[in-house]
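Dear colleague,

Please find below the structure that I am handing over to you, followed by an account of what was found in it.

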Amino acid sequence: MERQAVQRAREAFLSGRARPLEFRLQQLHALQRMITEKETEISTALKQDINRSQYDTPLLELIGIENEIKLATEKLAEWAAPRHVERNILTISDEVYIQPEPLGVVLIIGAWNYPWALTLLPLVGAIAAGRDPPSPGPPPPHQSHSVVVSEQTSDLYPVVTGGASETQELLRQRFDHVFYTGSSSVGKLVMEAAARHLTPVTLELGGKSPCYIDRNCNIRTACRRITWGKFVNCGQTCIAPDFILCEPSIQGQVVDRIRQTLLEFYGADPKCSPDYGRVVNQRHFNRVMSLMEGYTPVVGGQSDASQCYIAPTVLKDVPPHSRLMQEEIFGPLLPIVTVSDMDDAIRFINEREKPLALYIFCSDKKVKQMIEETTSGGVTVNDVMMHYTLSSLPFGGVGQSGMGRYHGKHTFDQLSHQRACLVRSLGMESVNLARYPPQDRRRARRVRMALKSPLIDTSKRTFIWAVIATVIAALLSFTLTDLPLVDIQIFNS
């Protein structure tokens with residue numbers, strides 16, 4: 001089935017059906033209609049899978065997809081247009097531009113924690129770029145019968161549902177790009193499989209995203225925002241704050257503020273709250289519970305295996321080298337590690353793999369220091385996860401947290417080939433004589449002078465400058481043979 005789906009998608013791509021802008025816009029509008037019409041069914045499926053609130057799915061997934069579609073439909077003509085670039089003297093009269101073009105067939109492998117956003121956001125960019133994407137990878141149980149299958153299954157957008165075996169079979173096929181969202185361990189396997197075909201990849205992976213709280217910030221507000229970001233979707237978010245770094249003097253205050261916020265958010269018993277989710281399955285439940293072994297929670301810690309329920313849990317004074325600090329938690333556990341000051345926090349962060357996100361709660365002066373002296377896929381100051389909501393910002397990891405980027409135009413560019421185009425005429429041949437053999441000292445000097453000339457942005461110059469530059473280029477073959485090299489920086493003024 002997987003092989004046939006890929007073959008149908010490639011044949012559809014080669015037919016050229018997906019290339020016209022009008023067709024791309026039609027597909028984007030159809031995708032928007034599907035989301036609008038099926039919103040209730042989508043929310044119901046996610047309620048069954050992870051007990052997600054009916055109000056959270058639009059906020060966490062669907063609105064973001066709709067915004068991406070709206071942006072793509074408004075900007076598609078601009079994104080797909082040739083992008084004219086600077087020229088040198090030898091090409092001053094030529095047409096020089098970059099033409100975004102579709103590479104071919106892209107495989108989008110989604111993830112179960114946000115199955116709609118992590119599948120359809122890349123799909124929006126793939127459709128806008130004119131690609132034919134088999135999509136996605138394995139969904140969670142109730143999503144395997146979701147409306148995407150009936151609405152989008154076609155030769156252009158085949159959908160393959162399943163788990164590891166189906167994904168492995170897909171990765172044996174040749175694609176023109178693979179877009180994967182998931183764990184770093186599986187990301188390595190995806191990259192290895194893609195390398196067999198020299199297929200480029202976008203890997204949106206996870207990691208342990210630090211959250212530093214300075215003792216002089218508004219701790220009450222900081223803890224409210226951190227509590228939301230950590231425990232929404234039951235902690236199953238790749239950019240959730242994985243752990244807190246703070247000084248020992250404020251650790252108790254941080255714990256108290258988080259405890260108060262949890263009571264406000266989910267009541268005395270989060271298990272009964274319609275706004276608190278569940279771990280996706282028994283395997284992940286057991287994994288998260290095992291991370292708590294040996295610790296006494298200062299907040300939460302209750303669990304119910306029959307419902308895959310783990311209460312929002314806070315653990316303090318966690319040793320830096322414990323297992324809890326080595327693995328991505330991806331669940332409702334929040335460890336607190338104490339550091340002596342910001343410099344110590346920076347050292348702590350830099351000694352570990354580069355995270356997908358970094359969160360900083362402190363004053364402006366200290367913010368600059370931490371941003372300059374650390375690295376991460378993205379950074380949000382005095383909040384968590386909100387950088388993900390901006391289509392103008394590229395979203396992606398660095399190092400072990402991933403490669404490539406997407407959202408808005410960044411998705412279009414990521415899933416397009418930036419084709420370099422130089423369109424010359426067969427006239428002005430005298431300009432080219434200096435590069436032809438037989439070579440001598442004079443010819444070498446002429447061509448060197450031309451090639452080392454500054455680039456000229458003719459889009460910001462008057463036509464007369466282009467004419468002057470063309471004349472000078474033509475004269476290089478005749479009048480400069482016995483003159484010393486001259487500086488022509490005038491074109492940069």
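This is a predicted model: local features need pLDDT of at least 70, side-chain atom pairs count only at pLDDT 80 or more; totals for chains, interfaces and linings use all residues.

Strand β4, residues 177-181, pairs with β5 in the parallel sense, and four bridges connect the two. Within this pairing, Phe179 has Thr202 in β5 as its bridge partner.

**The four-stranded sheet**

β4 and β5 belong to an open sheet of four strands, ordered β3-β4-β5-β14, in which the pairing is mixed. The edges are taken by β3 (106-109) and β14; each has a single partner strand, so one side of each is left without a neighbour in the sheet. At one end, β3 pairs with β4 in the parallel sense over four bridges, and Ile109 has Tyr180 in β4 as its bridge partner. At the other end, β5 and strand β14 (residues 402-403) run antiparallel and are joined by two bridges. Here Leu203 finds its bridge partner in Met403 of β14.

Helix α5 (residues 117-129) lies across β3 and β4 and runs at about 160° to β3. Helix α8 packs on the sheet as well, where it touches β4, β5 and β14; its direction makes about 180° with that of β5.

Beyond its neighbours within four places in sequence, Thr181 is in contact with Ile109, Gly110, Ala111, Leu118 and Glu204.

**The six-stranded sheet**

A further open sheet consists of six strands in the order β10-β11-β7-β6-β12-β13, with parallel pairing. Its edges are β10 (313-315) and β13 (378-381); each has a single partner strand, so one side of each is left without a neighbour in the sheet. On average, neighbouring strands of this sheet are turned by 20° against each other, direction ignored. Strands β10 and β11 (residues 333-338) run parallel and are joined by three bridges, with Leu334 in β11 as the bridge partner of Val314. Helix α12 (residues 342-350) packs on this sheet and touches β6 (210-213), β7 (243-246), β11 and β12 (357-361); the direction of α12 makes about 145° with that of β7.

**Salt bridges**

Side chains of opposite charge can pair when their charged atoms come close. How many salt bridges does the structure hold? There are 20 salt bridges in the structure.

One of them is formed by Asp242 and Lys208, whose closest N and O atoms are 2.4 Å apart. This pair links distant parts of the chain: Asp242 lies in the loop between α9 (219-231) and β7, Lys208 lies in the loop between β5 and β6, and the two are 34 residues apart. Asp242 counts as buried at 3% relative accessibility, and Lys208 is buried with a relative accessible area of 14%.

Another salt bridge joins the side chains of Glu351 and Arg352, at 3.6 Å from N to O. Glu351 is exposed, its relative accessible area being 59%, whereas Arg352 counts as partly exposed at 25% relative accessibility.

**Confidence of the model**

The chain has a mean pLDDT of 88, and 88% of its residues reach 70 or more. Over residues 136-153, however, the pLDDT is below 50; this stretch has 52 contacts in the model beyond near neighbours in sequence. For residues 477-493 the pLDDT also stays under 50, and the model has 31 contacts for them beyond four places in sequence.

With kind regards

Notes. Residues are numbered from 1 along each chain as its sequence is written. Side-chain values use heavy atoms; hydrogens and water are left out. pLDDT is the predictor's confidence in each residue, from 0 to 100. Contact means heavy atoms within 4.5 Å. Two strands pair if DSSP finds at least two bridges between them. Axes are lines fitted to C-alpha atoms, for helices over the stretch in contact, and angles run from 0 to 180 degrees between N-to-C directions. A salt bridge is a side-chain nitrogen of Lys or Arg within 4 Å of a carboxyl oxygen of Asp or Glu. Buried means under 20% relative accessible area, exposed over 50%, partly exposed in between (1.4 Å probe, protein chains only).
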